[in-house]
Amino acid sequence: MKRRVILVAVAAILMGSSCTAGSDGAASEAAPNDTEITEELVDNTKIGNPNQQIGEQAILDELQAEGFCDPADVEDGGVVTAMHFVVRGQLQPPCSGELDPRLDAAWTALADVTPVTLLSDISLLAGFEGCDTCDTLAFVTTLDEAAEFFLMAVDVQAGVEDLNELALTMLHELTHVFTQVPATQLDIAIPAQECTTYYNGTGCFRDGAYTWEWIQRFWDAAALATIPADGDVNEEAGEARCVADASYAGPYGASSPEEDIAEMFAAYVFDVKVSTSLDEKLAFFDQYPEFREVRERAEALGRHEVAYSFENC
């Protein structure tokens with residue numbers, strides 16, 4: 001099985017750091033045909049409230065004006081098959097390439113379990129066919145310095161091989177987005193020396209931010225001191241921490257607070273079988289209704305019946 005590699009960057013245009021984990025699961029239903037997708041994309045742009053229609057069109061106009069739909073932003077992962085602007089969680093007709101049923105199926109697998117409030121910061125979705133030596137299943141990155149617009153890119157062939165595995169990866173990636181959006185989570189205007197919470201190399205987490213709450217609960221000062229100042233992932237430190245402390249979902253989850261919370265949220269939503277030493281971390285998400293909703297949707301769709309597996313410490 002292809003190794004699951006996740007790249008994330010916040011407020012640093014098209015830069016990322018990789019992380020790994022493994023899962024096994026059966027492939028979901030085949031993607032709909034092109035005609036069905038076309039009908040869905042047309043229907044998705046029709047919102048009953050006229051004011052909402054105007055608002056969505058304004059968002060789409062801004063995305064188009066910024067010129068974000070550029071396959072060159074994804075080409076390192078492989079051949080780009082399609083790119084779509086995303087407005088309030090809804091795919092728009094392709095802005096590059098042709099309709100790709102595999103990409104539609106991958107997005108649907110994520111959107112089916114995720115409320116729009118958590119999807120809305122994804123502004124561009126891209127599908128690519130990975131090369132023989134590529135092992136990236138999905139990544140997210142910002143498209144602008146203000147970190148207002150995020151790109152999510154996914155390996156469409158990986159979804160054909162195992163749609164559940166890809167959905168797990170995509171949810172991990174989405175966690176990096178909604179835990180680091182500047183409006184509510186990460187203040188990118190505060191420099192490291194002025195940050196009174198935790199500076200992740202890009203910005204300072206706001207009081208009450210998901211990741212700051214996570215850090216206060218599960219990361220002590222000694223562990224934080226081993227994280228590189230620029231926010232890059234230190235895999236060797238993660239491996240060493242994993243050996244000393246079993247309360248992580250593998251060495252990559254142990255490499256930084258951001259990877260830790262992303263791995264654990266994916267495990268929480270899809271009921272991945274992990275060590276009982278992680279029970280407190282899984283319970284963390286229950287305090288947030290928006291996170292409970294994602295888990296409940298996944299359970300209702302039978303996603304908990306899939307035999308996922310994570311690397312434990």
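Helix α3 (residues 101–111) packs against helix α6 (residues 163–178) at an angle of about 60 degrees, their axes 9 Å apart. This is a predicted model, in which local features need pLDDT of at least 70 and side-chain atom pairs count only at pLDDT 80 or more, while totals for chains, interfaces and linings use all residues. Residues are numbered from 1 along each chain as its sequence is written, and side-chain values use heavy atoms, with hydrogens and water left out.

**α3 with α6**
- The crossing of these helices, α3 and α6, is right-handed (the near helix is turned clockwise from the far one by less than a right angle).
- In contact (heavy atoms within 4.5 Å) are Ala 105, Ala 106, Trp 107, Ala 109 and Leu 110 of α3 with Leu 163, Leu 166, Ala 167, Met 170, Leu 171 and Leu 174 of α6.
- By class, the α3 and α6 contact holds eleven nonpolar, no polar and no charged residues.

**α10 with α12**
- Helix α10 (residues 257–270) and helix α12 (residues 289–300) cross at roughly 45 degrees, and their axes come within 7 Å.
- From α10, Phe 265, Tyr 268, Val 269 and Phe 270 meet Phe 291, Arg 292, Val 294, Arg 295 and Ala 298 of α12.
- Seven nonpolar, no polar and two charged residues make up the contact of α10 with α12.

**A look at α10 itself**
- Mostly covered, α10 has 14 of its 14 residues buried (under 20% relative accessible area, 1.4 Å probe, protein chains only).
- Just after α10 comes Asp 271, with a positive phi of about 55 degrees.

Key. Axes fitted to C-alpha atoms, helices over the stretch in contact; angles between N-to-C directions. Helix = DSSP H or I, 4+ residues; strand = E, 2+ residues; numbered from the N terminus. Nonpolar A, V, L, I, M, F, W, Y, C, P; charged D, E, K, R; others polar. Buried < 20%, exposed > 50% of the residue type's maximum accessible area, 1.4 Å probe, protein only.
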